Amino acid sequence: MGTSQSREDRITDSESEEEYDEEEDQEEEQYGDALSDHQNAQSSSSTSSGTGKSIDDIDAKLKSLKLKYNSPQQSSPNLKNPVKLYLHIGGNTPKAKWVISEKLTSYSFTKKNDDDDDDDSCWFLEVGSKVKARVSTEMQLKMFGDQKRVDFVDKAVWALKFLTDEEYRNFVTQFQNCLFENVYGMEASEENKVKVYGKEFIGWAKPEAADDSMWEDAEDRSLDSTPVKRSQELMEEFEEAANGGVQSLALGALDNSFLVNDSGVQVYRNFNRGINAKGICVTFDAGRIGGNSSNSTPKKALLMRAETNMMLMSPANEGKPNATGLKQVDIETGKIVTEWKFEKDGVDVTMRDITNDTKGSQLDPSESTFLGLDDNRLCQWDMRDRKGMVQNIATSDSPVLHWTQGHQFSRGTNFQCFASTGDGSIVVGSLDGKIRLYSKTSMRQAKTAFPGLGSPITHVDVTYDGKWVLGTTDTYLILICTLFTDKDGKTKTGFGGRMGNKIPAPRLLKLTPLDSHLAGNNNKFHGGHFSWVTENGKQERHLVATVGKFSVIWDFQQVKNSAHECYRNQQGLKSCYCYKIVLKDESIIESRFMHDNFAVSNSPEAPLVVATPMKVSSISLSGRR
């Protein structure tokens, strides 16, 4: 078990001149060994933040030793785009530090063919002979405007320091323009930005022109009687073996929660300190649950009917999430009571995801309907019809359930994920990055469609009141405020009406370049969630997402605060890097906060449950000072 604050460089003056002189003599040797040292440090890294030497420290020492160039004109008058290049070594160990890679070099943005895609050319950032990186969100570029510096990832963690503020701002502008062109395949002109985002969402392309007042208004309205303490500690309460092969986590708001693994469903008891195994495992026949022996383990579990029933869905084919049906399990008896088949007008259809009608409907003992999503289909299933026919939400009050047209979309929507609010409104994320909002009365047409930022939405969540949407991509999370003021001066959400021109720009939640690098090249964000409330007037307090062996926790109130220190000296969309990390010793399957019912008086939040393939842990936010 490990916990960590988001790791930023600390400015320290503890190093002596003598120590630095020795480092100076060995500078060339240091750089030659830097990459291998970094790899060694990665393999032995722990969760300690380290007191890494800051870039400003190095610059100060260089000045005192008269090694630092006074100006590019004195040293190399013809050098274009001069920068200083630094390399971070030591990971997050106590020996972590920045070393000088090149005292003075130059950068350029060049357009050439990508090795992975010979057909299309794209923009690369090249710095001296050390860096050649395709301009993308995978670089995790972080800006330090007050230091005239950017950090980024390219097989290692690098930093560029610019000689003037103007040169720094020119670099950031060029980077953002190249990123736009690499993502959308068109030049970053004003006309093209309007084409991509639309006139209503031009604030997404020009955040400085967006109306941020809704963030402040929403922040003021969201305050309740239990303020969040800023200096929370993470403390592990329970860690237990999970019998291996964990596929999904189904948290309950009542007595029990459940882990689905290769052999069955393990039952856990809910406490205000986390979940604890009851020693009960509902086993199932692999062929029966999955419908075919090679892909039998359910990947999705959905609690229903006051958490006495569970729907289990297994992929029909290897490598794809789409399923042809699901099994209904009676948790009290441990038996499969029904095997449902997805069918429309007598034709088999597939579903890639299912969810409850509302945020709290799994607590309803009479619940008989749930929502389904496929690549181009959004629907509601009713278990009361023995044929499992789909019904239209707009006619759900009718005693006769039937299929109506309007939910089968033209091909190209590429739906990936969805979630429901407390009143049954629906948010859907797509492969092209778009996020659509549907009202509780109609699935036919989205009330609001937010443009994508170029990255597919792999998971989506929404607050109980529908005011905030959280989308997960591979490299960042996007937080959207759905509030707007209509022509009559009333505040509404984008689920209930079409948002006008004053649409707030979203905010991004990111890892620092160092944490992103430590998470690993192939590790991606997944499963971003708000904390869990099912009562009007209560506000979610935290957000959590998983990447590799990290569970990453953000303070929701802090992210919404426009005056937050993370947002100072940034260009473009505001990005928040203040978070806490729970580090496990194996890749994490899922991280979720328990229901607000289990938050105790001295804690600002219910416990966090973290499931890995072999273990399940419960983490409390103690709120201690």
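Helices (H or I, at least four residues) and strands (E, at least two) are DSSP runs, numbered from the N terminus. Keep those labels in mind as you click along. The model you have open is a predicted one, where local features need pLDDT of at least 70, side-chain atom pairs count only at pLDDT 80 or more, and totals for chains, interfaces and linings use all residues. Residues are numbered from 1 along each chain as its sequence is written, and side-chain values use heavy atoms, with hydrogens and water left out.

**Stop 1: the whole protein**

Show everything as a cartoon. You are looking at eleven helices and 41 strands. Of the 625 residues, 57% are buried (buried means under 20% relative accessible area, exposed over 50%, partly exposed in between, with a 1.4 Å probe and protein chains only).

**Stop 2: the largest pocket**

Rolling a probe the size of a water molecule over the atoms shows where empty space is left. Here is the rule for pockets: on a 1 Å grid over the protein atoms alone, a pocket is an open set of points with protein on both sides within 12 Å along at least five of seven lines, whereas a cavity is a set where a 1.4 Å probe fits but cannot get out; lining residues have an atom within 4 Å of a point. Grid points are joined across faces, edges and corners, and a volume is the space filled by probe spheres set on the points.

The largest pocket holds about 1,500 Å³ of space. Select Lys299, Lys300, Asp353, His459 and Glu590, which are the closest to its centre among the 46 lining residues. Next, colour the strands that each give at least two residues to this lining, including E14 (300-304), E24 (415-420), E28 (459-462) and E39 (590-593). The lining consists of 20 nonpolar, 16 polar and ten charged residues (Ala, Val, Leu, Ile, Met, Phe, Trp, Tyr, Cys and Pro count as nonpolar, Asp, Glu, Lys and Arg as charged, and the others, Gly among them, as polar).

**Stop 3: the second largest pocket**

This pocket has about 1,200 Å³ of space. Of its 37 lining residues, pick Ser136, Thr137, Glu138, Met139 and Thr475, the closest to the centre. Strand E3 (97-114), strand E5 (131-134), helix H5 (165-184) and helix H10 (513-519) each contribute two or more lining residues. Sorted by class, the lining has twelve nonpolar, 14 polar and eleven charged residues.

**Stop 4: a strand with two partners**

Strands of a sheet pair through backbone hydrogen bonds, either parallel or antiparallel. Two strands pair if DSSP finds at least two bridges between them.

Select E26 (residues 435-438). Which residues point which way? Ile435 and Leu437 face one way, Arg436 and Tyr438 the other, and all are buried. Gly429 stands opposite Ile435. The two strands make a hairpin with four residues between them, and Gly433 in the turn has a positive phi of about 90 degrees. Then show E27 (residues 448-450), which pairs with E26 in the antiparallel sense over three bridges. There, Phe450 is the bridge partner of Ile435.

**Stop 5**

Return to E28, a strand you coloured at the largest pocket. It belongs to an open sheet of five strands with mixed pairing, in the order E28-E29-E30-E33-E37. E28 and E37 (575-576) are the edges, each pairing on one side only. E28 and E29 (residues 468-472) run antiparallel with four bridges, and Val460 is partnered by Gly471 in E29.

**Stop 6**

Most residues other than glycine have a negative phi, and most peptide bonds are trans. Zoom in on Arg305, in the loop between E14 and E15 (309-313): its phi is positive, about 50 degrees, although it is not a glycine. Arg305 is partly exposed, with a relative accessible area of 23%.

Asn414 sits in the loop between E23 (390-391) and E24. Its phi is also positive, near 50 degrees, and at 32% relative accessibility Asn414 counts as partly exposed.

Finally, find Ile588 in the loop between E38 (580-583) and E39. Is Ile588 buried or exposed? It is buried, with a relative accessible area of 5%. Leaving aside neighbours within four places in sequence, its contacts include His526, Phe550, Val582 and Val610 (contact means heavy atoms within 4.5 Å). Lys549 is another contact; 39 residues separate Ile588 from Lys549 in sequence, yet their C-alpha atoms are 5.4 Å apart.
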